[in-house]
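User: I'd like to learn how to read a few features of a protein model. Can you walk me through it?

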Amino acid sequence: MKGDISLNILSIDFGTSSLKMAVLDENLNILRDTKVEYAYEVINKTHIQIDAEIVYAAFLKGLDNLQEYKSKIDIIAPCNFSPTLVAMDKDGNPLYPVILHLDRRSYPQSEFAIKAVGKEAFLNINGNLPFPGGISCTSILWIKDNLPEIYKQTYKFGHFNTYFHRRLVGKWATDPTNASFTGIYETFKGGSWSEELCKGLGIDMDKLPDIVPSLSIIGHLTREAAAETGLREGIPVLMGSNDTSSAAYGVGAVNPGDILNISGSNEIVTITTDKPVPNEYYYIRTSMEADKWLYLAITVGGFAVEWFRKEFFRDMPKEDFFYKYFPEIVKQDCKSDVIFEPYLAGDRHSLELKTGAFRGLTFDTTRDDVFIALLVGTYEPIIRTIEICKTQMKLNPNIFWTGGMVSDAYMQFKKKVFKGFDFVMTRECSTLGNGKAALKVLSK
């Protein structure tokens, strides 16, 4: 952005269960924001999906909540939850619900992928193993095996950002941060779709969208999209990234060894590196910036806490649980004789179907003991990733921390779990990341 030009940035953060939108000025001040919730569908415990139209309708509703700024928006900057597989026809219409990252239906396809290509090829080319739901090529294979007519009709497979951009600017595209989590992208080269992996899996490469850098303009709002949204025709639309990459960019976790911890529906840790080393215990995706990558570990977080509240604290009002009980319990020592295995939604770091479990229960065990065990056990995949990364690089002892569960009381608890680290509380990281990205591309 050349000169002191006043502008309004529309930040859009598509999440697993809600959409957050904000209007920012050229100084990244939030002028107005809104949140629209939606619900995904769970079928037979493992099929977890949502209608793309439901998420898009939330976007339109969010715009209505920002009515006074509609005519003043100068650039659109989105990020999205990922992976979120969408099968679309030539006109961009979804042929099947969006298969979410929580989905676990594709274990047979994951086993096939490993046999067909091999772990080494996945790790060396893409940086990730084909975890069911967590890496979207297994969901593509599930559609191919179980819904062959839909696979045949599919013009393009993409994540939700592909569907969104097709609807706004009429182009088929995804960015490297999302492509990394398909399992069939050359993550380390920062290049293109892997012919070796696609051929080995039997995935048609012509069904995949173009790959466009996150920090670039993908196109301009079409006349049709302007009429539908009420925004001005022709305003630029940022390619953007997935939400965790945008959050890391927004908070400034962009140097090797920087750590971002997101405490929300899930517990997520990203660690920035400029020398990526593949490992089956963590994910690797590109950063929004060139020649940098993010290690990522993810496990249940707020989802597990809410499940525990509903099942074991039915006698306590929800507000009392979160605003009185929770702050008091996390002030306590984090030791417990109970062990929690944090796989209530399966394990996104495993090729095996896992379930959650509590061990070490006795007649002396209280629900407080069990709750503390749940909170501590949640971090096992994350702590393991941090320990691995300590052997590769010097880690920043100050962890950037954001998310809906951020609080002073919870910080003290986390310091006991993340020994040797401190926490720097931040807010609205994805929103700021989208805003920073918009300013970056406009300054070119």
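User: Which backbone oxygen lies 2.8 Å from a polar atom of the side chain of T378?

Analyst: A quick word on the ground rules. This is a predicted model, where local features need pLDDT of at least 70 and side-chain atom pairs count only at pLDDT 80 or more, while totals for chains, interfaces and linings use all residues. Residues are numbered from 1 along each chain as its sequence is written, and side-chain values use heavy atoms, with hydrogens and water left out. Now your oxygen: it belongs to L374.

User: Where does T378 lie, and is it buried or exposed?

Analyst: Buried means under 20% relative accessible area, exposed over 50%, and partly exposed in between (1.4 Å probe, protein chains only). T378 has 4%, so it's buried. It lies in the loop between α13 and α14; helices here are DSSP runs of H or I with at least four residues, strands are E runs of at least two, and both are numbered from the N terminus.

User: What does T378 touch?

Analyst: Contact means heavy atoms within 4.5 Å. Skipping residues up to four places away in sequence, T378 touches E267, T299, V300, G301, F340 and P342.

User: How do α12 and α13 pack?

Analyst: Axes are lines fitted to C-alpha atoms, for helices over the stretch in contact, and angles run from 0 to 180 degrees between N-to-C directions. Under 35 degrees counts as roughly parallel, over 145 as roughly antiparallel, 65 to 115 as roughly perpendicular, and the rest as oblique. For α12 and α13 the angle is about 85°, with the axes 11 Å apart, so the two are roughly perpendicular. F321, Y325, F326 and I329 of α12 meet D368, F371, I372 and L375 of α13.

User: And which helix does α2 pack against at about 110°?

Analyst: That's α4 (residues 137-146), with the axes of the two helices 9 Å apart. This angle makes α2 roughly perpendicular to α4 as well. On the α2 side, Q109, S110, F112 and A113 take part, meeting T138, L141, W142, D145 and N146 in α4.

User: How many residues are in the largest nonpolar core?

Analyst: A nonpolar core is a set of buried Ala, Val, Leu, Ile, Met, Phe, Trp, Tyr and Cys residues joined through side-chain atoms within 4.5 Å. The largest one here has 47 residues, and I271, F371, L375, Y410 and F418 have the most contacts inside it. Helix α13 gives the largest share, 6 residues.

User: What is I271 in contact with?

Analyst: Leaving aside neighbours within four places in sequence, its contacts include W293, L294, Y295, I386 and C389.

Conventions
Polar contact = N/O pair within 3.5 Å; in protein donor to acceptor, adjacent residues only side chain to side chain.
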